[in-house]
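Thanks for coming, everyone. Have a look at what's on the screen, and I'll talk you through a few places in it.

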Amino acid sequence: ENIEPNTRAYNAVIESHARSQDVEEAEAILDHLILVSTEDFSLSPDEFSFRSVIAAWTRSRRRDAGRRAVAVLDKYLNFVPDAKASKPFASIIEWFSKRRDQPDSAMMAETLLDRMLALYEQNGHHPMVPLLYACINVINAHAASRQQNSGKSGERVYSKYSKMLSSQKHDVSRLRQNVIVSNAVISALASSGERNASERAESILNELVASRTANADSYQGVIIAWAKSRRSGKAQHAYRILHRMIDDFQGGNRNCRPTAQVYTAVINAAAFSNGDRKEEREAFEIATNTLNELYNCTYCDTNSAAMGTFIKACGRLEIPTDILLENSIEETFREACRLGIVDHFVLTQMYWSCSDGLYKKLFGELIPGDGPEKVKIDTLVSIPEEWRRNVREAKAPY
């Protein structure tokens, strides 16, 4: 007796090829099943058939995998015009959001989001409401693209998201105003380099503060936006945001607890202040005050990133009294030694920021030979273990 294969049998074969990364064969079987269904609709692909192949393409490392997944999605929508599944869209959006090697990946992700929105508006299918992380992935894709107007692109996606939330046409209870979406836009603005990006990021922060939903990432993102801006007075703005954060935390918002990373971001803003002598002197004062406040902070501990960034600030800023800079570098380095947090980042900043004389004074016994006074120490084993006893190596903060 002949046993005719059914959809479940085909699906098992499709999934087997998909799992073994033989995606071409999995898609070929899907295409065969679509063709067969034109003559016998009792044997036709179902949602699982399409989703298996789409998922396999999004797991593939092939450069064209995203577009191949979109092609399968098109077949799915043609075969099931009233499709109600949003996950295939979301998985392809996630694939494009991670592809920084393709200049148009962010726009491809946004195009897919727009298609989801169009289907949702057209049919009102509750499951077709774009998943929250799909919106976040599109914004993050723009932030990572470093393309011109990436900040504006993030704001554009945020506007679509906000418009959908305010829609009375369909049920959007699956979505809610979420600080992660807002933070993603702030991050996109911070990395965009666009005019007034820092002010626009702070405007979003103001909305979050008003709704009592701001968190530590919100404040840190705006500080980074100011640090990367070309505006004068950016150190003052970053320092002001830090104190807004502290006030918010002390006022009862436990989600915006200050962190060492936030203090470091303020010091970094000061380090890259490029103005006249007066502005650089004020930036140095802000860097010094911020580091001292971190020393005395009861919410977090001082770390090597903050101390190394302060040393970098001393090396970059021009103030009338060089002795003050050298004293600040020496005091900070000795404190890092006392805390046992002298890592590669601190050593590198010491090399670039110290005068030859100060470098020899602090590292003289560790510098081999009779060559130049300033020989870079780039291995931790070259320094006393006491200086590095609490080091957990990580990448440089900025």
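So, H4 and H5 run roughly antiparallel to each other, a term for angles over 145 degrees. This is a predicted model, where local features need pLDDT of at least 70 and side-chain atom pairs count only at pLDDT 80 or more, while totals for chains, interfaces and linings use all residues. Residues are numbered from 1 along each chain as its sequence is written, and side-chain values use heavy atoms, with hydrogens and water left out.

Back to the pair. H4 is residues 65-79 and H5 is residues 87-97, and their axes come within 10 Å, crossing at roughly 165°. Helices here are DSSP runs of H or I, at least four residues, numbered from the N terminus. The axes are lines fitted to C-alpha atoms over the stretch in contact, with angles from 0 to 180 degrees between N-to-C directions. On the H4 side of the contact you'll find, among them, Val 70, Leu 73 and Leu 77, and H5 brings residues including Phe 89, Ile 92 and Trp 95; contact means heavy atoms within 4.5 Å. Sort the residues of that contact and you get 10 nonpolar, one polar and one charged.

Now compare another pair. H12 (residues 234-250) and H14 (residues 277-295) pack at about 25°, with axes 9 Å apart. That makes these two roughly parallel, the word for angles under 35 degrees. Tyr 239 and Leu 242 are among the H12 residues here, meeting H14 residues that include Ala 283 and Ile 286.

Next, the inside. Which residues touch the most other members of the largest nonpolar core? Out of its 124 residues, those are Phe 333, Val 342, Met 350 and Phe 363. By nonpolar core I mean buried Ala, Val, Leu, Ile, Met, Phe, Trp, Tyr and Cys joined through side-chain atoms within 4.5 Å. Helix H13, residues 260-271, gives the largest share of this core, nine residues. Leaving out residues up to four places away in sequence, Phe 333 touches Val 342, Val 346, Met 350, Leu 362, Phe 363 and Trp 387.

Last stop, a loop. Gln 21 sits between H1 and H2, and its phi is near 65°, positive in a residue other than glycine. At 39% relative accessibility, Gln 21 counts as partly exposed, in between buried (under 20% relative accessible area) and exposed (over 50%), using a 1.4 Å probe and protein chains only.

How values were computed: Parallel < 35°, antiparallel > 145°, perpendicular 65-115°, else oblique. Nonpolar A, V, L, I, M, F, W, Y, C, P; charged D, E, K, R; others polar.
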